[in-house]
Every structure is written in C-alpha cells, then in structure tokens.
Amino acid sequence: YNIHKRKIKQPKKTNNRSEYLAYIVGKHLCNHLFPNEELILISDSNLLIKTLEIWLKGWIKKNIVHTKANVDLLNLMITFGTYPSKCHHINSHLTPTQKKALDKENFYYSTLNDMADDLANLAIL
C-alpha cells in the first residue's frame, strides 16, 4: 500500500503577510459588526497603506495581481471590493518624548497602535 503525499507549497511567512492578514480579519469584522459605517484605516504599515491606496488598484488594472507575492491574501482583499475611505499612517514604537509631542488625535492613534502590537505579541505561539 503506497500513499503519495502531494506537497502543498506554503507561502513564506513574512511580516507583510501579517499586515495583510490583520487588515483582512479587521475588515471582515467591521463588515459584520458595523456594516454601514465608514472605514478609516489607521496603521503603522506603509506597505499596507500603499497596497490599498495605490498598488493594488494598479495591479488589478494591469492584470498582474497573480504575479505578486502573497497573491492569496491580495485576492481576499480584492474580494471585499471596498477599501477604507481614508488611510492614516502613524509611526510606531515611539519613545515617551516623541509620543508626548504628538497632537491629541495622533497620540490616541499611537496608543491604540501600541495596544494592537501588544496583543499581536501575546498571540504569537
């Protein structure tokens, strides 16, 4: 009795995949919990913001999404069909002095980002 196991190529695990997956899960939750609300993305990931605001739309237009790394996750993003109405980049891992210099809105966003990073670190197995 001979069983041939077909190896399934697993995507390389990178922080890019983590950023994309966090967006996908967050977007999915927002779609279900707040279906008619405007989505504003606040992220420390330039990669994610540029992907959503610039690159992905161009890749779709040029029909080259399938050539990109993390195509499985990019296709999930495309499946949602809508993107955040606004993306706001914040710097991460600020010192207390840097954080104190922020305006009220960015201080709040930075605090939320720190909390998200702490939760992500707790989730690492």
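Colleague: Which elements of the protein chain have the lowest and the highest mean pLDDT?
Modeller: Helix α5 (residues 104-123) has the lowest, 88, and helix α2 (residues 46-61) the highest, 94. pLDDT is the predictor's confidence in each residue, on a scale from 0 to 100. This is a predicted model, in which local features need pLDDT of at least 70 and side-chain atom pairs count only at pLDDT 80 or more, while totals for chains, interfaces and linings use all residues. Residues are numbered from 1 along each chain as its sequence is written, and side-chain values use heavy atoms, with hydrogens and water left out.

Colleague: And what is the mean pLDDT of the protein chain?
Modeller: The mean is 86, and 88% of the residues reach 70 or more. Where pLDDT is low, the predicted coordinates should not be read in detail.

Colleague: How many helices and strands are there?
Modeller: The protein chain has five helices and two strands. Starting at the N terminus, the order is α-β-α-α-β-α-α. Helices (H or I, at least four residues) and strands (E, at least two) are DSSP runs, numbered from the N terminus.

Colleague: At what angle do the axes of α1 and α2 cross?
Modeller: Roughly 60°, and the axes of α2 and α1 (residues 15-33) come within 9 Å. The two helices are therefore oblique to each other. Angles under 35 degrees count as roughly parallel, over 145 as roughly antiparallel, 65 to 115 as roughly perpendicular and the rest as oblique. Axes are lines fitted to C-alpha atoms, for helices over the stretch in contact, and angles run from 0 to 180 degrees between N-to-C directions.

Colleague: Which residues make that contact?
Modeller: On α1 they are N16, E19, Y20 and Y23, and on α2 they are L47, L48, T51 and L52. Contact means heavy atoms within 4.5 Å. By class, five of these residues are nonpolar, two polar and one charged. Ala, Val, Leu, Ile, Met, Phe, Trp, Tyr, Cys and Pro count as nonpolar, Asp, Glu, Lys and Arg as charged, and the others, Gly among them, as polar.

Colleague: How far apart are the axes of α1 and α3?
Modeller: They are 10 Å apart, and α1 packs on α3 (residues 71-80) at an angle of about 25°. That is why α1 and α3 count as roughly parallel to each other. Residues of α1 including Y20, Y23 and I24 meet residues of α3, among them L73, L74 and M77. The contact has nine nonpolar, two polar and three charged residues.

Colleague: At what angle do α2 and α3 pack?
Modeller: About 95°, with the axes 12 Å apart. That makes α2 roughly perpendicular to α3. T51, L52, L56, W59 and I60 of α2 meet L74, M77 and I78 of α3. Seven residues in this contact are nonpolar, one is polar and none is charged.

Colleague: Where is H88, by the way?
Modeller: In strand β2 (residues 86-89). Leaving aside neighbours within four places in sequence, H88 is in contact with L41, I42, S43, I49, N106 and Y109.

Colleague: Last one: where is D44?
Modeller: D44 is in the loop between β1 (40-43) and α2. The C-alpha atoms of D44 and I90 are separated by 4.9 Å, although the two are 46 residues apart along the chain. With neighbours within four places in sequence left aside, the contacts of D44 include E19, N113 and D117.
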